[in-house]
Amino acid sequence: MKKKRTTVRTTQGGNGKKPKRAAKKAKNKPEILDLTTVDEIIARYHGEKGALIPVLQEVQGHYGYIPEGAVPRIADGLKVYQSSIYGVMTFYTQFNLKPIGRNIVRVCCGTACHVKGAERVSSKFREVLKIPVVETTEDRNFTLEQVACIGACSLAPAVMVNDEVHGKVTPDEAVTILGQYKK
Ligand code: FES
């Protein structure tokens, strides 16, 4: 039987490569999101107990986050309440409800880093990326987060980009660090 192709509209969008005016227009233009993969993942776990977390992990693995439109599909497919799904997603920090950047910048704001000027470093990242904390740049290259101790206190103030630790970071070095991860 031919599989029904399903899509939802989402307000997330913009790829950062368009001319300014076009990019602005694209920002509000709904993006068509194909949810066929969500249905395929749910089908693979049909009837299995405790399938919610693996399904969410696979959905996030495919889309990079859990699209809002996927939640009712998962609820129907696994026979769970949507509120339970949101409960799980907010409890486990591994799940993202919004698209995240290809690079995650985590500025440590633990005590040692705070004392050594983490706020100035964080402020520089916010300024350069033009986003507040826990936001993603329009081109989806970077997501900026502030986190508690990342276990590199002797290198304070420390910043982690993806799985790489950068130590004794000055505000000026924030720019250099970002440059290393730009496409
Ligand atoms: S407080 Fe920042 S690495 Fe420990």
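With everything in cartoon, you have eight helices and seven strands; helices here are DSSP runs of H or I with at least four residues, strands are runs of E with at least two, and both are numbered from the N terminus. This is a predicted model, where local features need pLDDT of at least 70 and side-chain atom pairs count only at pLDDT 80 or more, while totals for chains, interfaces and linings use all residues. Residues are numbered from 1 along each chain as its sequence is written.

Colour by burial next. Of the 183 residues, 20% count as buried, that is, with 20 or more other C-beta atoms within 10 Å of their own, the C-beta atoms being placed from the backbone.

Select β3 (103-108). It belongs to an open sheet of five strands, in the order β4-β5-β3-β6-β7 with mixed pairing; strands pair if DSSP finds at least two bridges between them. At the edges stand β4 (135-136) and β7 (164-166), each with a single partner strand, so one side of each has no neighbour in the sheet.

Now look to either partner of β3. Six bridges join β3 to β5, and these two run parallel. β6 (residues 159-161) is antiparallel to β3, with three bridges between them. Click on Arg106: its bridge partner in β5 is Glu145, and in β6 it is Met160. Move on to Val107, whose partner in β6 is Val159.

α7 touches β3, β5 and β6, and its direction makes about 150 degrees with that of β3. Helix α8 (residues 171-181) also packs on the sheet, touching β3, β5, β6 and β7, at about 15 degrees to the direction of β6. Those angles run from 0 to 180 degrees between N-to-C directions, with axes fitted to C-alpha atoms, for helices over the stretch in contact.

**Stop two: the largest core**

Which residues touch the most other members of the largest nonpolar core? Show Val105, Val107, Cys108, Val121, Phe125, Ala158 and Val159, from a core of 15 residues. A core is a set of buried Ala, Val, Leu, Ile, Met, Phe, Trp, Tyr and Cys residues joined through C-beta atoms within 7 Å. β3, α7 (118-129) and β5 (142-147) each give two or more residues, and α7 gives the most, with four.

Centre on Val159. Leaving aside neighbours within four places in sequence, its contacts (C-beta atoms, placed from the backbone, within 7 Å) are Val105, Arg106, Val107, Cys108, Val121, His166, Val169 and Ile177.

**Stop three: the other core**

Apart from that one lies another core, of 12 residues, including Val38, Ile41, Ala70 and Ile74. Select α4 (residues 70-78), where Ala70, Ile74 and Leu78 are buried. They sit on the same side of α4 because they cover an arc of only 45 degrees around the axis, taken from the directions from the helix axis to the C-beta atoms. Their cover includes α2 (36-44), α3 (52-63) and α5 (82-91).

Finish on α3. Val55, Leu56 and Val59 are its buried residues, and they share one side of α3, since their arc is only 100 degrees. α2, α4 and α5 are among what covers them. Following α3 is Gly64, whose phi is positive, near 90 degrees.

Terms used
Two residues are in contact if their C-beta atoms, placed from the backbone, lie within 7 Å.
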